[in-house]
Amino acid sequence: MKKVFLQAIFKHSNQLCQGFLFTAQLHTSTVRLKLPNNWYSKKKRKIVDISSMALSPEAEKILAPLRETVKEQGDLVRKLKAEKAPEIEVKKAVAELKARKKTLEDKELELRPVQAKFDRSKMEDTLKRRFFYDQSFAIYGGVTGQFDFGPMGCAMKSNLLAAWRNFFVLEEHMLEVDCTVLTPEPVLAASGHVERFADLMVKDLKNGECFRLDHLIKAHLEKLCSEKTTTQETKNECADIIVKLDGYGKEEMSAIMKKYNVVSPITGNDLSEPIEFNLMFQTHIGPSGTLKGFLRPETAQGIFVNFKRLLEFNQGRLPFAAAQIGNAFRNEISPRSGLIRVREFTMAEIEHFCDPADKSHPKFNRVADTEMTLYSACDQMSGQPAKQVKIGHAVSQGTVANETLGYFMARIQKFLIKVGVDFTRLRFRQHMGNEMAHYACDCWDAELLTSYGWVECVGCADRSAFDLSQHTKATGVKLCAEKKLPAPVTQSVTEIVPNKGPIGKAFKKDAKAITEMLSKLSLEEIEKMEEELKTGETTLAMESSEVKLTKDMVSVKRFEKKVHVEEIIPSVIEPSFGIGRVMYSIFEHNFRVREGDEQRTYFSLPPIIAPLKCAVLPLSNNPEFGPLVADISTRLTECDISHKIDDSSGSIGKRYARTDEVAVPFGITVDFDSLKEPHTVTLRERDSTTQVRIGVDQVADTLRNLSTGRTTWQQVSAQFPKFEAQESKS
């Protein structure tokens, strides 16, 4: 019967069964199918060096000429900008600067002292095998750029977000919101996403594979330039095109494709004409299909459109911060690198609203002495390495634009270290002039060094008043705050007054929309309309048409009024966390191999974010252990400590290894000494594998303090007697 059953399973579900440990219960017998050790990864092993930030004097000697070439090019860029040189010359100089900077950074990574070898394949196999996460819809072949979190990954992510909420929302008294994912098109049109969130792509005409066109052209032309048979004239043309590529439209790129015979780099097949591809997922809200919408590409806009309500909730006072945790969506053309570039991702964002004339922070003095690794735009252009600087000094010198931005950068660093990021593999890189959004005053990225290189995980930007201004302009609703003036001032006011009778008679149902549009006019537009009315009529631009207005329909009124408050549009400082990227970096920074036993891998995650805080392991399946194990489990649950009971067969060493592999930081072992009065157990710490003997009535409280960071293992080891035991590897 077993044989028939298994044949049927493999005949009809061959693909489904692959990749899982299949257990079939037949009466009292169990059939176990063991998978090959290399099942979980079809990739070649990827082993990289884990480097420290420090460079030796010998390495610096090798890097000196490269630093000088970067400095020379940086000086040239500054000179061209100061002289207001033609844009094309500046772009060429910036492109060359980027190339030299990349060469320097790659060489820096190569020359850093190696601390250890890191096997990415082994880590990824562990994550998939223990179901921290895996590709979505795997039994259907999977979908690139989408991942499902399993029990361990889900618990870790929840703990990470809870730690983030406590660290920022709770400690900083922020206002948390939870806004809808579905966003109407006008909201994202006002924020600029509809216009700028589009890329050109092409398709392989035979297999349908898609490529981002600007990246494809650049790679093709760079390859062409590297060929010995290419003439100098062609090389110059290619270099010129690469520099101008960002400004080209569909027609220009199509012409370049034809001229240089750009084909699929994988198959060599012909490609389609360029297609505009919006990186936002488009949908229609409601059954009629008339209201176009998108899945949000960021969570921030939900906070901005609710600014007025949040300000009222905060009793009209600045500064204040709002926070939101939620999913965002970007339809990446070619997602890659696991959790680093995906189509659906969790963000944790803060919008700190403050007076644009006063960006000081009341708690800045608390963090001013924080040492940080800063890679300023100036150092990047001069070919200098990142520097260790106190944030207070960086703000006072103007390297970081203001105290509030500096405060959040220091807080971001403290949080990342708390949740397991290696400080030696963390830096803050400032955006250079060509990277900065046109509305931003300053922007720094917290970058984490992984096997994929430096990965941007947290952005911290001074967005000025851009978003609130854009939504005010689009809706006519003033998203501003009031600032009390030292003394009353007299202001001249110019406003347009609609005559509702003639407007209603002339435009019927459109009268309300016209009146609303008139209320949105700026001072310049009102003055222009006033001039035009002198000739008898003027035109008003509506959303899809223009209407003519006559003197009897509108008038312009001027008067003076005394005001005691000034209306200001607040500036916004925005820390934005990509949770998936942070998680992946934490996995890499905390992946370990047990010394002397390469098969025993584990994650040394801090207890605060560990998926489970504790494992309860009876020494054997002796029924006498049952009541004590149940009692300990109840005590742990009452103290809100997540745990698992592992009473499976196998040596205690093997069971320790299993719990270590899923990052469980502590293990309680119930042995025969535990049955004696007073009841005691051994408490084991994962990273050091040391153990102490502790009373059953004390273990739950001790674990709660360890899990929340209120106490350390060193303190526990000093408080309780050490337990000596040899861990079995069998």
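Is Asp 660 buried or exposed? I found Asp 660 buried, at 2% relative accessibility. I keep in mind that this is a predicted model.

I then looked for the salt-bridge partner of Asp 660, which is Arg 594, at 2.8 Å from N to O. Asp 660 sits in helix H24 (residues 652-661) and Arg 594 in the loop between strands E26 and E27, so the pair ties together parts 66 residues apart in sequence. Arg 594 also counts as buried, because its relative accessibility is 13%, under the 20% limit.

I looked up the salt bridges as a whole and noted 44 in the structure. One of them joins Glu 172 and Lys 363 at 3.0 Å, N to O. This pair links distant parts of the chain, 191 residues apart. I noted both Glu 172 and Lys 363 as buried.

Arg 100 is partly exposed at 24% relative accessibility, and Glu 96 is partly exposed at 34%.

Last, I traced the sheet. It is open, with nine strands in the order E7-E14-E15-E25-E20-E19-E18-E16-E17 and mixed pairing. E7 and E17 stand at the edges with a single partner strand each, so one side of each has no neighbour in the sheet. Strands E20 and E25 pair antiparallel over five bridges. In strand E15 I checked His 352, which is buried at 7% relative accessibility. Its contacts beyond four places in sequence include Phe 320, His 361 and Val 572.

Terms used:
Residues numbered from 1 in each chain as written. Predicted model: local features only at pLDDT ≥ 70, side-chain atom pairs only at ≥ 80, totals over all residues. Heavy atoms only, no water. Pairing = 2+ DSSP bridges. Helix = DSSP H or I, 4+ residues; strand = E, 2+ residues; numbered from the N terminus. Buried < 20%, exposed > 50% of the residue type's maximum accessible area, 1.4 Å probe, protein only. Contact = heavy atoms within 4.5 Å. Salt bridge = Lys/Arg side-chain N within 4 Å of Asp/Glu carboxyl O.
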